[in-house]
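Here are a few exercises to work through with the model open beside you. Try each task on your own before you read the solution.

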Amino acid sequence: MVHQSDSLAMAIGVRVRNHRRGRGWTLDQLSETSGVSRRMLINVEQGSANPSIGTLLKISQALGLVLPALVEPPAPKSVKLTRNGQGAVLWSGSAGGRGVLLSSIRTPDVVEIWDWTFGPKDEHSSAAHSSGTTELLHVLEGTISVSVAGEPHTLSPGDALRFPGDVPHVYKNPSDESARFTMTVFEPVSGHVPPHEHSDE
């Protein structure tokens, strides 16, 4: 589930409500479009919910937004500094892991930088993202297993993996020690595929 401070939860709620009303939608219309229950949407808009990343993605996509538009504070300047501990914590694992969105850009394509920590045996499953999404993962500590469309890949410190994010994928720490990795996500909102996907390796 998403782990949020009260202020972040309230900010997300205000943004969802404002964008919903901006479209002239009722809660029922957003629920039907997003596949998220009306009760959950009410809780999100009131800032009292603890929605999963998947739920936030459904809401943002239904509203024609990208995830950072809901969870990141506005950045009026071209330079944005995120201090250690100031990223948006959007996932908490059962063994103490955390998924932190550190920064992002929208041009209109989206690029996100994440810092993930997995406790022993922590696991996070992700549904397929929008078409053309690519993820770049770099292991800093421990061992991480990444299953992409059912195909497993085991990474050690220093290893990196590029894979399509538009198929179901699972991250897992198979060991009894903690693990940490950084991840960059490219989401081509404009619909084009990243040029490197066509290059030979």
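A strand here is a DSSP run of E with at least two residues, and strands are numbered from the N terminus. Keep in mind that this is a predicted model.

**Exercise 1.** Find the strand that holds Leu 155, and work out whether Leu 155 is buried or exposed.

*Solution.* 
- Step 1: look up the strand. Leu 155 sits in β7, which covers residues 151-155.
- Step 2: check the area. The relative accessible area of Leu 155 is 4%, and buried means under 20%. So Leu 155 counts as buried.
- Step 3: see what surrounds it. Skip the neighbours within four places in sequence, and Leu 155 still touches Leu 137, Val 139, Gly 142, Thr 143, Ile 144, Val 146, Ala 160 and Leu 161.
- Step 4: pick one of these contacts. Val 139 is 16 residues away along the chain, yet its C-alpha atom is 6.8 Å from that of Leu 155.

**Exercise 2.** Which strands stand at the edges of the six-stranded open sheet, and why is one side of each left without a neighbour?

*Solution.* 
- Step 1: write down the order, which is β1-β2-β3-β10-β5-β8, with antiparallel pairing.
- Step 2: go to the edges. There you find β1 (88-92) and β8 (160-164); each has a single partner strand, so one side of each has no neighbour in the sheet.
- Step 3: zoom in on one pair. Eight bridges link β2 (residues 98-106) to the antiparallel β3 (residues 110-118). Within this pair, Leu 101 has Trp 114 in β3 as its bridge partner.

**Exercise 3.** Sort the residues of β4 by face, then follow Ser 126 to its bridge partner and to the largest pocket.

*Solution.* 
- Step 1: recall the rule. Side chains in a regular strand alternate between the two faces of the sheet.
- Step 2: apply it to β4 (residues 123-126). His 124 and Ser 126 are on the covered face, while Glu 123 and Ser 125 are on the uncovered one.
- Step 3: find the partner. β4 runs antiparallel to β9 (residues 169-172), with four bridges between them, and Ser 126 pairs with His 169.
- Step 4: move to the pocket. Ser 126 is among the lining residues nearest the centre of the largest pocket, along with Ile 53, Gly 54, Leu 57 and His 129.
- Step 5: describe the pocket. It holds about 460 Å³ of space and has 27 lining residues: 13 nonpolar, ten polar and four charged. α4 gives the most, with five residues.

How values were computed
Residues numbered from 1 in each chain as written. Predicted model: local features only at pLDDT ≥ 70, side-chain atom pairs only at ≥ 80, totals over all residues. Heavy atoms only, no water. Buried < 20%, exposed > 50% of the residue type's maximum accessible area, 1.4 Å probe, protein only. Pairing = 2+ DSSP bridges. Contact = heavy atoms within 4.5 Å. 1 Å grid on protein atoms, 1.4 Å probe; cavity = no way out; pocket = protein on both sides within 12 Å on 5 of 7 lines; lining within 4 Å. Points joined across faces, edges and corners; volume = space filled by probe spheres on them. Nonpolar A, V, L, I, M, F, W, Y, C, P; charged D, E, K, R; others polar.
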